Amino acid sequence: MAILKVARLGHPILREVSRPVAPEELSTPEVQGFIDDLVDTMREYDGAGLAAPQVHNPVRICLIEVDGNPRYPDFPQIPLTCLVNPEITFLTDQQLRVWEGCLSVPDLRGLVPRCAKIRVVATDRHGEGIDFVAEGIFAAIVQHECDHLDGNLFVDRVQDTKTLSFIKEFQRYRADEPHVVTD
Ligand code: ZN
C-alpha cells in the first residue's frame, strides 16, 4: 500500500491526454499494484473519484467511489468502480448542475453543468468488459474523472465563475443548497 502524491492545478501533467492501457499491460503486477495505490490514495484524501494522471501517471484509468464521504456528505453511495479506457456517450440533452470539487484543485467548489444520463463503455481492472448507464451524481462523477484523462478540469467547465467558492465559505453560505441542481 502506498499513498501517492496528488498533482495540483498548474502541474502540466493534469493537461496531458492520457494514453490507453493495453490488455497485456493491465494484467502485470505493476499496473495492478498501481491501481491498488490509486484506491488507497483516493480513500486517504476522501476523493469521490481519482484519475491516474492526478497521481502523475498519464494512463486511461480512473476510479469512482462514494461511501459516507465527509467531503460530499449528501452524495448517494456508489460502490468502488474502476474504469480502464472508458468511453462516454451522452444519452440526453438534459443537464444537471453539480457543485464539484477536485483533489487537484484543493478546497475549491464550483457549479458545473453535466449531461444527466450517459452510457459508459470500458473494461474493469481485470480487462473484463463494462457497459452501463449512469444518471445523476454518478454520471457527473464519471464525466469529471474521464475529463481528467483528456486533460480537462472541472474549473474549465464552470460556466459562472461567480459560483467558485472555497469549501469553508461554501459550507458557511451555501450549505442549504442542494448538491445537484436539475434545470
Ligand atoms: Zn478531479
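Colleague: How does Asn-85 count, given its relative accessibility?

Modeller: Residues are classed as buried under 20% relative accessible area and exposed over 50%, with partly exposed in between (1.4 Å probe, protein chains only). Asn-85 has a relative accessibility of 25%, so the residue counts as partly exposed.

Colleague: Where is the place of Asn-85, and on what basis is the model read?

Modeller: This is a predicted model, in which residues are numbered from 1 along each chain as its sequence is written, local features need pLDDT of at least 70, and side-chain atom pairs count only at pLDDT 80 or more. Totals for chains, interfaces and linings use all residues, while side-chain values use heavy atoms, with hydrogens and water left out. Asn-85, whose phi is positive at near 50° although the residue is other than glycine, has its place in strand β3.

Colleague: Which loop holds Asp-46?

Modeller: Asp-46 is not a glycine, yet its phi is positive, at about 55°. With 30% relative accessibility, Asp-46 counts as partly exposed. Its place is in the loop between α2 (29-44) and β1.

Colleague: In what order do the strands of the open sheet lie?

Modeller: Two strands are taken as paired if DSSP finds at least two bridges between them. The edge strands, each pairing on one side only, are β1 (49-51) and β7 (129-135). The open sheet of 5 strands, with antiparallel pairing, has the order β1-β2-β3-β6-β7.

Colleague: What is the average twist from one strand to the next in that sheet?

Modeller: Axes are lines fitted to C-alpha atoms, for helices over the stretch in contact, and angles run from 0 to 180 degrees between N-to-C directions. From one strand to the next, the twist averages 40°.

Colleague: Which residue in β5 stands opposite Cys-102?

Modeller: β4 (residues 95-102) and β5 run antiparallel and are joined by 7 bridges, with a hairpin of 2 residues connecting them. β4 is mostly covered, having 6 of its 8 residues buried, and β5 is likewise mostly covered, with 9 of 11 buried. The residue in β5 that stands opposite Cys-102 is Val-105.

Colleague: Which residues coordinate the zinc ion?

Modeller: Donors are N, O and S atoms within 2.8 Å of the metal (3.2 Å for Na, K and Ca), and water is not among the atoms, so sites may look incomplete. The coordinating atoms, one SG and two NE2, lie at 2.1 to 2.3 Å and belong to Cys-102, His-144 and His-148.

Colleague: How far apart in sequence are the parts that Cys-102 and His-144 tie together?

Modeller: The donor residues follow the spacing C-x41-H-x3-H. Because Cys-102 lies in strand β4 and His-144 in helix α3, the pair ties together parts whose separation in sequence is 42 residues.

Colleague: What is the volume of the largest cavity?

Modeller: On a 1 Å grid over the protein atoms alone, a cavity is a set of points where a 1.4 Å probe fits but cannot get out, whereas a pocket is an open set with protein on both sides within 12 Å along at least five of seven lines; lining residues have an atom within 4 Å of a point. Points are joined across faces, edges and corners, and a volume is the space filled by probe spheres set on them. A search of the whole structure finds 1 cavity of 30 Å³ or more. The space in the largest cavity is about 160 Å³.

Colleague: Which element gives the largest share of the lining of that cavity?

Modeller: Of the 17 lining residues, Ala-48, Tyr-72, Gly-101, His-144 and Glu-145 are closest to the centre of the largest cavity. Two or more lining residues come from each of β4 and α3. The largest share, 5 residues, comes from α3.

Colleague: Which element gives the most to the lining of the largest pocket?

Modeller: The largest pocket has a volume of about 320 Å³ and is lined by 16 residues, with Ile-88, Phe-90, Gln-143, Asp-147 and Arg-157 nearest its centre. Elements that give two or more residues to this lining are β3 (78-90), β5 (105-115) and α3 (136-149). The most, 5 residues, is given by β3.

Conventions. Helix = DSSP H or I, 4+ residues; strand = E, 2+ residues; numbered from the N terminus.
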